Amino acid sequence: MTSTMLAASVAGIGYWGNGLPSWEAARAYLADGSLVPDPPRRPSPQLLAPNERRRAPETVAVALEVAMAACAAAGRDPASLPSVFASTHGDLSITDYMCSTLVDEPRTISPTRFHNSVHNAAAGYWTIGAGAMAPATAISAFDATFAQGLLEAMVQVASGSDAVLLVAYDSTASGPLALTSPSQGLLGGALVLVREHLPGRPRLVVGLHEAGQGNGVTPAGALATLAKGNAMTPMLPLFEALGGAGTRAHLFAGPGRILEVGIATH
Amino acid sequence: MPAVAIRAYTATTAVGRGNGALAEALRTRRGGLRRNDFGPDRLDCWIGRVDGLEEHALPAQLARWECRNNRLAWMALQQDGVLQAVAQVRERHGAERVAVVMGTSTASIGASEEAYTRLVGEPGQQRFAPDLDRPIVHTPHSLGDFVRAATDLRGPCITVATACSSSAKVFAQAARLIQSGVVDAALVGGVDTLCGSVLFGFNALQLVSPDPCRPFDQTRVGLSLGEAGGFAVLERPGQDDTGLQLRGYGESSDAHHMSAPHPEGLGARLAMGDALARAGIQPEQLDYLNLHGTATPANDSIEAAAVAAMFGPGLHASSTKGWTGHTLGAAGIVESVIALLALEHGELPGILNSSRPDPACGPQIRFDNARRRIDYAMNNSFGFGGNNASLVFGRA
């Protein structure tokens with residue numbers, strides 16, 4: 001049976017990775033290898049109050065930073081958009097904290113760290129900060145997380161939403177967990193996807209297919225050399241195509257499955 | 001929205017395995033909570049624990065996914081013809097055209113917790129023991145990936161983890177996947193199991209009751225935690241379809257606080273209103289509402305006020321958490337199953353352990369069971385991060 005194809009335009013893009021603290025920086029790096037001098041070590045999302053910016057978990061900081069940037073680039077009010085937050089592991093450092101504290105002193109668990117341990121913590125902080133009462137979801141699909149998150153965002157557009165915010169991110173693992181579930185550095189990407197055609201903006205057409213001979217995952221490129229080891233690197237073939245005038249990206253979508261993304265600019 | 005057919009459904013909770021045990025417990029008002037006997041350090045509270053998980057290892061071919069949460073998923077999958085219904089939709093549409101959409105709050109973090117209790121190696125270089133050095137059980141998608149492997153389905157496979165609304169949202173996501181034509185059917189569900197993180201985490205938030213929880217009672221002091229698993233097989237209906245259906249869903253965000261509900265219940269009202277609108281029914285047409293009703297002081301008075309503002313006195317609304325405990329990411333599927341049982345058998349559960357209604361309770365909040373044929377039932381599930389979902393079920 002043939003796969004159903006879904007289409008949406010990319011109204012805005014957000015990006016934050018090691019050494020590349022914006023989509024502009026990522027595009028410049030893709031174009032000529034240039035790097036930002038003294039890039040920040042972690043994002044400082046303006047959506048949060050100054051004291052919260054420092055205290056927020058890394059995953060929340062990177063997710064809100066790229067989400068805000070994508071909305072700004074799209075010229076969309078963050079409060080108006082339904083959102084899909086996609087992360088392979090959520091905040092691995094909080095998982096490490098919870099597990100090690102449970103061994104040593106379970107009755108001292110921090111209530112704030114506990115509520116920040118939910119997979120939808122970034123989605124929660126985003127909706128609170130943006131004043132967004134629109135639906136928000138938080139998903140994971142292990143190494144297929146980005147493809148499945150993109151598919152869900154495209155499905156939301158196909159089933160009635162005019163525009164959807166997709167936010168993907170992963171962070172650094174710590175403690176014994178880091179050897180079994182490795183992830184290094186901070187990486188985030190966001191897309192505002194809209195149903196209408198937008199002149200001059202990329203239009204995505206996606207479909208889920210069987211992987212096979214001659215139909216494999218697009219290999220990682222330049223962005224992956226800087227984001228090496230982060231669990232969200234499977235998103236990079238799409239961002240590399242979007243930044244470098246590519247016309248397709250094949251994303252890992254689960255065992256034996258590929259999400260084929262065609263990119264056209266009108 | 002286009003209705004979605006429900007071909008099979010099931011829930012396994014502290015009251016027993018499958019729908020028969022659940023329906024019987026609801027009808028006879030026999031709760032499943034027991035004094036906390038979970039883990040080495042036992043908080044003074046009551047829990048909804050599923051018996052038999054310790055003795056039921058996963059089959060050898062699924063050993064990679066071995067953990068308490070996936071054991072409960074496996075146990076729940078065997079009940080009420082779910083696997084047979086999965087086989088039928090796979091046969092009709094092909095494995096590529098059937099999605100797996102699972103909801104969980106903590107997935108199998110119990111396995112990660114266990115790994116930290118028996119690390120191997122020198123201090124500073126400690127790692128997980130070989131039997132727990134399996135990445136798939138230390139990540140939120142443990143559940144979705146296990147169910148995919150256990151059913152051989154090849155459509156979109158995703159785990160929704162929005163805390164306690166997770167396995168209500170799976171119905172909405174599956175409905176969209178079917179509506180947009182990506183798939184023709186979906187296996188949805190949710191599983192959450194007891195673990196240190198949630199027991200001590202909710203304790204840190206001072207939300208755990210020392211006694212069995214008392215939803216909507218003016219003396220309630222908090223929730224009782226539980227574990228549960230459940231599934232439903234959804235399919236695009238045919239021309240002359242009969243049987244139970246998902247008729248509407250509504251999702252919203254409170255945009256208020258990470259662990260406290262919006263004081264006026266605005267997010268809850270948005271979700272319920274959108275679910276009714278998608279179902280194309282008026283509030284007075286709704287017969288039964290399974291409330292989120294966690295028995296925390298804040299949730300129940302706010303939810304009761306929101307219900308009183310939206311619905312007439314004819315609605316029978318209740319929380320069933322006195323039977324099962326708050327099963328977190330599984331609450332959506334468990335309480336959807338209870339709503340479906342009410343549609344199928346006409347048994348409307350009341351509320352267990354409660355006797356003195358909170359002042360915010362309108363005439364909708366019913367402590368006693370009732371029996372009557374109904375046409376529409378709703379389920380509310382609200383989670384941390386202000387994440388809300390409401391579902392409307394009916395029949396063709």
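A residue is called buried if 20 or more other C-beta atoms lie within 10 Å of its own, exposed if 12 or fewer, and partly exposed in between, with C-beta atoms placed from the backbone. Everything below comes from a predicted model, where local features need pLDDT of at least 70, side-chain atom pairs count only at pLDDT 80 or more, and totals for chains, interfaces and linings use all residues. Residues are numbered from 1 along each chain as its sequence is written, while chains are lettered from A and ligands numbered from 1 in the order in which they are written.

View 1. B:Gln206 is not a glycine, yet its phi is positive, about 60 degrees. Look for B:Gln206 in the loop between α7 and β7 (225-226) of chain B; helices (H or I, at least four residues) and strands (E, at least two) are DSSP runs, numbered from the N terminus. B:Gln206 counts as exposed because it has 10 C-beta neighbours inside 10 Å.

**View 2. B:Ala163, a buried residue with positive phi.** Here the loop is the one between β5 and α6 of chain B. The phi of B:Ala163 is near 55 degrees, positive in a residue other than glycine. B:Ala163 is buried, since 31 other C-beta atoms lie within 10 Å.

View 3. Strand β3 (residues 136-140) of chain A and β5(B) run antiparallel, joined by two bridges; strands pair if DSSP finds at least two bridges between them. Opposite A:Ile139 you will find B:Val160 in β5(B).
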